[in-house]
Amino acid sequence: MDRARRQLAEIADLVPAARDVAHRQARRGGGGGASGKPGSSLPIDLGATARLDAVQNALSGWVRVIAEERGICPEIHGGGRTGSAGMEGMGSGGRDDLRASARWLVGMCEWMRHRAEVDTFLTDVDASARALRGVVNGPRERKYLGPCGADQVAAFAEGLADTERCEGDVYGWPGAEKGTCRTCGANVLQAERRAWLDDEVRQYAYTASEIAAAYPIRRNTINQWASRGRLAAHDHNEQGRARYNLGDVLELAAGEAARREERRAARERAEMGA
């Protein structure tokens with residue numbers, strides 16, 4: 001059931017990118033697409049649209065079943081079309097019914113755990129997650145983009161309301177324009193958030209594996225710098241692994257990149273002179 005919760009949250013995160021693919025605003029795998037000739041390609045990806053429809057129908061079906069049995073109103077479908085997910089799928093106020101359904105079902109997982117039909121539910125959730133991954137066809141590993149911090153209105157028992165900061169975390173899929181907060185659903189531009197996060201975390205220390213997971217720097221490269229005395233360990237974590245100041249690692253990486261560029265330019269000058 002914990003896996004189902006993660007998959008439902010993943011589905012909600014993947015929906016914007018999947019809709020981009022369905023509308024041909026992004027190309028799966030980074031290649032292909034239309035030839036540019038008039039009439040050479042439809043303006044949408046019908047295969048992606050069909051899979052989005054199937055996922056939306058599956059999840060909205062479970063929303064209806066649970067809501068009816070529990071006698072509650074999920075307030076998910078705000079007047080938008082429940083079908084044609086790849087084309088529409090939007091409720092009133094810009095609400096995305098598929099994302100809303102996935103997020104609502106996260107809170108129903110514990111209740112479903114005690115139901116006789118739980119196996120079917122888990123199977124449908126797993127299939128839906130795999131279907132959306134197939135539409136996006138990108139890396140499955142999301143990148144952490146820092147804390148959310150977005151303003152949100154919280155209603156208190158006294159009937160008052162106040163504005164407080166969301167304490168959720170923002171993640172983004174590589175290649176996507178925006179990242180999403182898993183708690184409040186706020187969207188941020190990945191490029192801006194990455195620049196801010198890079199500046200914030202330069203002063204902290206991380207293991208080679210953690211740095212390699214967040215930046216295009218090989219773990220072995222970081223370890224080689226350390227073994228050759230070019231990089232000093234800041235401290236060690238609980239497992240005894242060395243942690244390195246991120247700023248030092250990024251400066252070394254920038255220096256290596258500059259030297260590679262100088263060597264490339266020198267080779268080009270030599271070839272032109274020959």
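In this predicted model, helix α5 covers residues 118-136, and its 19 residues reach 27 Å from the first C-alpha to the last, close to the 27 Å expected at 1.5 Å a residue. The buried residues of α5 are V118, F121, V125, D126, S128, A129, A131, L132, R133, V135 and V136. In general, an α-helix has 3.6 residues a turn, so residues three or four places apart point the same way.

The model also holds an open sheet of three strands, with the order β7-β9-β8 and antiparallel pairing. Because β7 (205-207) and β8 (235-236) stand at the edges with a single partner strand each, one side of each is left without a neighbour in the sheet. Strands of a sheet pair through backbone hydrogen bonds, either parallel or antiparallel.

Strand β9 spans residues 242-245 and pairs with β7 in the antiparallel sense over three bridges. The pairing of β8 with β9 is likewise antiparallel, with two bridges joining the strands.

| Residue | Opposite residue in β9 |
|---|---|
| Y206 | Y244 |
| T207 | R243 |
| H236 | A242 |

Strands β8 and β9 form a hairpin with five residues between the strands. In this hairpin, G240 takes a positive phi near 85 degrees.

Methods: Residues are numbered from 1 along each chain as its sequence is written. This is a predicted model: local features need pLDDT of at least 70, side-chain atom pairs count only at pLDDT 80 or more; totals for chains, interfaces and linings use all residues. Side-chain values use heavy atoms; hydrogens and water are left out. Two strands pair if DSSP finds at least two bridges between them. Helices (H or I, at least four residues) and strands (E, at least two) are DSSP runs, numbered from the N terminus. The expected span of a helix is 1.5 Å times one less than its number of residues. Buried means under 20% relative accessible area, exposed over 50%, partly exposed in between (1.4 Å probe, protein chains only).
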